[in-house]
Amino acid sequence: MEVLQTVGALFTSSGLASMTWQQGVMILVAFVLLYLAIVKKYEPLLLLPISFGMLLTNLPISGLYHPELWNAAEGISYSDVLHHGGLIDIFYIGVKTGIYPTLMFLAIGAMTDFGPMIANPSSMLLGAAAQLGVFTCFFGANLLGFTPQEAASIGIIGGADGPTAIFVTTKLAPHLLPAIAVAAYSYMALIPIIQPPIMRLLTTQKEREIKMVQLRKVSQTEKIIFPIMVATLAILFLPDTASLLGMLMLGNLFKESGVVDRLSDTAQNNLCNIITILLGLSVGATAVGANFLRTETLLIIALGLIAFCFSTVGGLLFGKLMCVITKGKINPLIGSAGVSAVPMAARVSQVEGQKANPSNFLLMHAMGPNVSGVIGSAVAAGFLLKIFGA
């Protein structure tokens, strides 16, 4: 009898006794995402920490993340978070304050070679065209009853840039951050699944087979001047881009200047890896079942997917137009890389091009629109913050 009482007491105090159906559903979703990350290898560096954060936050009584600390009607008290929060609450401070997104842009800048874009300036047009989803989804969300600030935060998912989506949402609609952050990073990780069907639908076999000529060699001087000029001009015209574009170009200057190799190496490796872990885990942890499985959240995720698809479509259609204008010298597939998921989207363009023509090498050509998309999404974010920010 005592044994049964002990077992009963243990069960009552366990997480199993207090698990809700919402938590159960989210745990199953986390298992699926872990499977995609580990077995299918769909961008595991992003998807694995996100899905594991989702798993941890939905295990009852774990005490790692407390959404009530972040949803307080009277405002966030960082003192309460530090004193009463769990481990992931502490990590989440970096998301809420915008520290992680800007540091991630520093790391991205240090890893990015703008050479393909400088060698082929027309690729910047493809990066701009791929922002179609941002503004299409903005108007769609507005029509569905979201406020302009909420619609702008949802629309930015179309840029396929997780740090930018987080940065904009913390400024304009912080209450939507969990849904938008999970959607943005999940779609980034699932690019190899989402983009190829659209690419094959909108391009012909003949277009996909097009081989592009080798790009010209870009001088070191050009690569050094580029981040300085972009930061100066972009921030002068759109000061709201200062945090993102400033850090992006600083990281790139670390890389291209050749005089701060230690800083460049730290930004590319140690800093990037640390921020990826903290950001991914924090973003995943926001997907608490009770808050996440709501009609509004599901609508945001659906709108985010539409935005991402429209951005891919915008890049592809403009790529087709450039193909016609250049009399078949541009492979439209590189247009899909105009979304700013670097280098995942460029790799997808390469894979699809080689499926059509095994001797096709589109990676460097696709990197031009790809890195243009990073700048384009930051500029789009700055524009939305300028119009709808406080």
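This is a predicted model: local features need pLDDT of at least 70, side-chain atom pairs count only at pLDDT 80 or more; totals for chains, interfaces and linings use all residues.
Phenylalanine 52 is found in helix α4, and with a relative accessibility of 37% this residue counts as partly exposed.

**The nonpolar surface patch**

- Tyr35, Ile38, Val39, Leu48 and Phe52 together make a nonpolar surface patch of about 450 Å².
- Two helices, α3 (21-38) and α4 (44-57), each supply at least two residues of this patch.
- Phenylalanine 52, one of the residues of the patch, falls between the limits for buried, which is under 20% relative accessible area, and exposed, which is over 50%, because its relative accessibility is 37%.

**Aromatic pairs**

- A pair of aromatic rings is described by two quantities, namely the distance of the centres and the angle of the planes.
- Across the whole structure, a search finds 8 aromatic pairs, and one of them joins tyrosine 65 and tyrosine 92, whose ring centres are 5.7 Å apart and whose planes stand at 80°, so that this pair is edge-to-face.
- Tyrosine 65 lies in the loop between α4 and α5 (67-70), whereas tyrosine 92 belongs to helix α7 (residues 87-96), so the pair ties together parts that are 27 residues apart in sequence.
- Both partners count as buried, tyrosine 65 with a relative accessibility of 10% and tyrosine 92 with a relative accessibility of 2%.
- Phenylalanine 138 and phenylalanine 139 form an aromatic pair that is also edge-to-face, with 5.1 Å from centre to centre and 65° between the planes.

**The surroundings of isoleucine 154**

- Isoleucine 154 lies in helix α12, which covers residues 148-155, and it counts as buried because its relative accessibility is 0%.
- When residues up to four places away in sequence are not counted, isoleucine 154 touches Cys137, Ala141, Phe146, Leu176, Ile180, Ile300 and Leu303.
- Isoleucine 154 and phenylalanine 135 are 19 residues apart in sequence, and the distance between them in space is 9.8 Å, taken from C-alpha to C-alpha.

Conventions. Residues are numbered from 1 along each chain as its sequence is written. Side-chain values use heavy atoms; hydrogens and water are left out. Patches are made of residues with over 30% relative accessible area and no salt bridge: like charges are joined within 9 Å, nonpolar side chains (Val, Leu, Ile, Met, Phe, Trp, Tyr) within 5 Å. Accessible areas come from the Shrake-Rupley method with a 1.4 Å probe; for residues, only the protein chains shown count as cover. A salt bridge is a side-chain nitrogen of Lys or Arg within 4 Å of a carboxyl oxygen of Asp or Glu. Helices (H or I, at least four residues) and strands (E, at least two) are DSSP runs, numbered from the N terminus. Buried means under 20% relative accessible area, exposed over 50%, partly exposed in between (1.4 Å probe, protein chains only). Rings of Phe, Tyr and Trp (its six-membered ring) pair if their centres lie within 6.5 Å; planes under 30 degrees apart count as stacked, over 60 as edge-to-face and the rest as tilted. Contact means heavy atoms within 4.5 Å.
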